[in-house]
Amino acid sequence: MKTALITGITGQDGSYMAELLLAKDYLVHGIIRRSSSFNTERIDHIYQDPHDPKPRLRLVYGDLNDASSLNRIIRTIQPDEIYHLGAQSHVRVSFDVPEYTGEVTGLGTVRLLEAIREAGLRTKFYNASSSEMFGSAPPPQNEATPFQPRSPYAAAKVYSHWMTVNYRDGYNLFACNGILFNHESPRRGETFVSRKVTKAAAKIKLGRQDKVFLGNLDARRDWGYAGDYVEAIWRMMQQDKPDDYVIATGESHSVRDLLDEAFGHVDLDWKKHVEIDPRYYRPTEVDALCGDASKAARQLDWRPRVGFKELVRMMVDSDLKQEKAKSG
Ligand code: NAP
Ligand code: F7E
């Protein structure tokens, strides 16, 4: 049985990654951090009885800002594969907490890489890089596109990306970067634009909300489905050689398109419900992202299965169900 360690297991991707690895018979360890309220909602359905003598999903306290906890966890578990998905992942918030974002999203990766190196393990390492690193570089973006980061988050990810490459080259570590474009799901955090829009469409349809306040409606993103993207991550880690891959759908849509699709799905006209609030503008915006994932198609035999319309409808339907359940 292979052993995996996931950072960010309570997040969107961490929860899908844990499901996928459990289905492939891994023993899965996940790092969680202390919170004043429960935050394991996304993994509660797969988290077994803690008194089970041999649970295949095990949670351990640690923090990406706490090197000693990471060292201890890695030495104790000796994982075959590490899926490093933890981060301060919100771009707008990174402008408010740039130093903290650098610590968690940038240095957090180095703390893990150092822990592996110091433990002398042959652990495989996956680093969650991001399309945000391309910033103002015009689309389509692929592995050869130069990074032009436009936020503290993106700059921290560029650092994390290059440190992963350096540990691969310098210490012969099996270390991959997945340069993933935006990917969403019913488990997406509620302050990212996709979920904010699908949740608003559901609540407005049910008469529980009338307005939603948004920022830049002209931004374009390449939105895919998180469930498809964790499969690509796993495939990268099963290759003979470590490498970096762009994961994307190759289709780009504006926030307006997202509104059309989500509100249209429940027969609403978004123009009657959307107001612009400049608080959601970013000091520097990434205008357009659209990925070219042909390398992943060629080398990993990976292709996205869920398209934009299907993704948005899946999210609106899930939010409708959740909202209805609240009243029931
Ligand atoms: P997410 O839902 O925001 O999850 C982030 C995870 O990181 C959560 O489990 C969070 O724990 C954990 N975390 C935050 N700070 C931490 C710290 N100091 N120590 C330990 N854990 C910490 O993010 P996601 O959408 O799943 O994304 C997964 C990764 O891919 C992130 O690195 C993100 O930057 C990157 N990425 C995401 C996308 C995307 O479109 N989703 C695209 C490209 C790259 P709590 O639950 O306790 O907050
Ligand atoms: O914004 C615009 C906003 O926050 C998308 C993270 O997972 O993907 C994500 O970062 C666009 C931006 O995602 C609102 O200005 C308009 O242009 O959903 P988002 P993001 O910034 O692209 C990348 C790949 C990651 O790596 C990140 O971790 O939508 N927008 N109005 C808005 N965005 C938000 N959040 N809220 C609004 O009200």
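Me: Which residues of H10 are buried?
Reply: Buried means under 20% relative accessible area, exposed over 50%, and partly exposed in between (1.4 Å probe, protein chains only). In this predicted model, the buried residues of H10 are Phe-308, Leu-311, Val-312, Met-315, Val-316, Ser-318, Asp-319, Leu-320 and Glu-323. Helices (H or I, at least four residues) and strands (E, at least two) are DSSP runs, numbered from the N terminus. Local features need pLDDT of at least 70, side-chain atom pairs count only at pLDDT 80 or more, and totals for chains, interfaces and linings use all residues. Residues are numbered from 1 along each chain as its sequence is written, chains are lettered from A and ligands numbered from 1 in the order in which they are written, and side-chain values use heavy atoms, with hydrogens and water left out.

Me: What do the buried residues of H10 pack against?
Reply: Contact means heavy atoms within 4.5 Å. The partners of these H10 residues are strands E7 (183-184), E10 (224-225) and E12 (253-254), with helices H6 (193-205) and H8 (255-265).

Me: At what angle do H6 and H8 cross?
Reply: Axes are lines fitted to C-alpha atoms, for helices over the stretch in contact, and angles run from 0 to 180 degrees between N-to-C directions. The axes of H6 and H8 come within 9 Å and cross at roughly 30 degrees. Angles under 35 degrees count as roughly parallel, over 145 as roughly antiparallel, 65 to 115 as roughly perpendicular and the rest as oblique. H6 and H8 are therefore roughly parallel to each other.

Me: Which residues make the contact of H6 with H8?
Reply: H6 supplies Val-193, Ser-194, Val-197, Thr-198, Ala-200, Ala-201 and Ile-204, and H8 supplies Val-255, Leu-258, Leu-259, Ala-262 and Phe-263.

Me: How do H4 and H5 lie, roughly parallel or roughly antiparallel?
Reply: The axes of H4 (residues 98-119) and H5 (residues 152-171) come within 8 Å and cross at roughly 15 degrees. That makes H4 roughly parallel to H5.

Me: Is Arg-305 buried or exposed?
Reply: Arg-305 counts as exposed, at 66% relative accessibility. Arg-305 lies in the loop between helix H9 (294-300) and H10. Not counting residues up to four places away in sequence, Arg-305 touches Asp-228 and Glu-310.
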